Amino acid sequence: MPNPSVLATHLKTLAGDLVQGKVVPFIGAGVHLCGRPAAPVQAEKHWWYGTRLLPKGDELARYLAEKFEYEDAATNWDLMRVSQFAEVMQGSGPLYETLQELFARDYQPTPLHRLLARVPALLRERGIGVGLPLIITTNYDEVLEAAFYDQHEPFDLVSYLIRHEGHSGKFWHLPQAHEHFAASRQPTALLEGAPWQLIESPNTYAKFPTDGRTIIFKIHGAVDRAGADQSSFVITEDDYIDYLARMDFANPLPKLLALKMKFARLLFLGYGLRDWNLRVVLQRIWGERNLTYPSWSIQLGAQESDKRAWQRRNVSILDIPLEEYVPELEKCITGIPSRAAPAVAAP
């Protein structure tokens, strides 16, 4: 656990940056543990397909290893390597169908997802209209979108295309995605009328919202209920190689989103810096440079090597479980003073 004064200082700084719209949450698969019920003592494994819970990275790796008969435990259940094996041995079709079956389902948002979805309204209640402009995730599921939808909170979606003929390596944008979310959860709905926008030129694309509406940025692709052939999963070794090879070093991301990240503090949730998918993102965006603004990672039980690696990126680790951090974060946000309404001149 962090020193109480360290946590208090972090939350005070975070509150000030939220007021200015300068906090970008960065969400990984570890958030699925937030609020997860304790496993029964007699259970052989905490997560398995059918529990109505989402897996974290090593749990998904174990599931795929069993599904595709991969037995090299020396990999420490490395998701990238296990999924590469699955694709090489049985093809991308069976791998994508397995991932589709897992992620194209309804899951309950965690307390963290629910809080993030409430942040824009909590700020508006205090007369602060900047909202939460950007949330980045390497997760493929729809839980964050579901949390925003349940809160009647508008959002846009931006995601990456990994295996789409003619469009691989590009991003797409769905404005006002909340208006289409309910329909998209129906297996037969192809959303042909949805105003998808292919981001052909990341440097000049200018159709992102300017009203403070949250953009959910799925930087490693997303499940699509229309079918596995419409989904994008950056997951295998080859996918990550392709992801880096397709990088436009001058403009690797849509310019506006890159600027939002550059001039904000990042709040990493559900990651360790050793997570390969996060390292690829950081390499793609910043190369060997430190983050522009000092940022934070909420990471319980981080090893010394993790701490030093994060410090090199200008990121401080707060050693606290997400279950305890979320209520502290909520208290921090609800404690932000309301801005007085502007005085109205007497007639």
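Gly227 sits in the loop that runs between strand E6 (214-218) and helix H8 (237-245), where helices (H or I, at least four residues) and strands (E, at least two) are DSSP runs numbered from the N terminus. This is a predicted model, in which local features need pLDDT of at least 70 and side-chain atom pairs count only at pLDDT 80 or more, while totals for chains, interfaces and linings use all residues. Residues are numbered from 1 along each chain as its sequence is written, and side-chain values use heavy atoms, with hydrogens and water left out.

With a relative accessible area of 15%, Gly227 is buried, a term that means under 20% relative accessible area, against over 50% for exposed and partly exposed in between (1.4 Å probe, protein chains only).

Elsewhere, the axes of helix H5 (residues 111-125) and helix H12 (residues 322-334) come within 11 Å and cross at roughly 5 degrees; axes are lines fitted to C-alpha atoms, for helices over the stretch in contact, and angles run from 0 to 180 degrees between N-to-C directions. That makes H5 roughly parallel to H12, since angles under 35 degrees count as roughly parallel, over 145 as roughly antiparallel, 65 to 115 as roughly perpendicular and the rest as oblique. Residues of H5 including Leu115 and Leu122 meet residues of H12 including Val326 and Ile333.

Methods. Contact = heavy atoms within 4.5 Å.
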